[in-house]
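Please keep the sequence and the structure in view while reading.

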Amino acid sequence: MSNATYDLNVILDPTLSEQQLQTEKDAVTVQIERAEGEITGLDEWGVKRLAYPIRKLTEGYYLIYRLQLANDKPKVVEAALRQRDNVMRVLVVKDRPEWRTKKEKRAKGEGEASA
């Protein structure tokens with residue numbers, strides 16, 4: 001089965017210690033490896049305000065992973081991570097190159113208009 005590029009967005013409990021945070025990151029890595037996927041990038045946003053409270057918390061620790069994963073595996077990874085106590089939210093989004101192109105064109109168009 002062919003691999004596709006995905007964004008895996010994970011929001012963790014913001015009160016975790018450095019050690020607990022590393023444990024959760026390791027758990028994400030293990031799940032991706034079990035699904036025969038590959039992490040191609042990680043954006044660690046740190047603690048950010050949530051749009052709405054989750055478990056009565058107003059902040060979460062954001063991790064945005066870029067993955068190469070078989071098309072039938074995202075739901076497996078998502079389900080496994082949802083079982084973890086410190087994971088508040090999990091979202092896997094398939095990367096669509098056409099979305100990127102539209103954003104880039106729009107950004108260029110705005111820049112030209114103001115010049």
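**The sheet and its surroundings**

In this predicted model, strand E1 (residues 3–12) and E4 run antiparallel and are joined by seven bridges. In general, the strands of a sheet pair through backbone hydrogen bonds, in either a parallel or an antiparallel manner.

The pairing of E1 with E4 belongs to an open sheet of four strands, whose order is E2-E3-E1-E4 and whose pairing is antiparallel. E2 and strand E4 (87–94) form the edges, since each of them pairs on one side only. From one strand to the next, the twist averages 20°. Helix H2 (residues 74–82) packs on this sheet and touches E1, E3 and E4. The direction of helix H2 makes about 175° with that of E4.

Attention now turns to the loops on either side of E2. Glu-36 lies in the loop between helix H1 (18–34) and strand E2 (38–54). The phi angle of Glu-36 is near 60°, a positive value in a residue that is not glycine. Is this residue, Glu-36, buried or exposed? With a relative accessible area of 64%, Glu-36 is exposed, because the cut-off for that class is over 50%.

Lys-56 is located in the loop between E2 and strand E3 (57–70). Lys-56, likewise a residue other than glycine, has a positive phi, near 65°. Its relative accessibility is 81%, so Lys-56 counts as exposed.

Technical notes:
Residues are numbered from 1 along each chain as its sequence is written. This is a predicted model: local features need pLDDT of at least 70, side-chain atom pairs count only at pLDDT 80 or more; totals for chains, interfaces and linings use all residues. Side-chain values use heavy atoms; hydrogens and water are left out. Helices (H or I, at least four residues) and strands (E, at least two) are DSSP runs, numbered from the N terminus. Buried means under 20% relative accessible area, exposed over 50%, partly exposed in between (1.4 Å probe, protein chains only). Two strands pair if DSSP finds at least two bridges between them. Axes are lines fitted to C-alpha atoms, for helices over the stretch in contact, and angles run from 0 to 180 degrees between N-to-C directions. Contact means heavy atoms within 4.5 Å.
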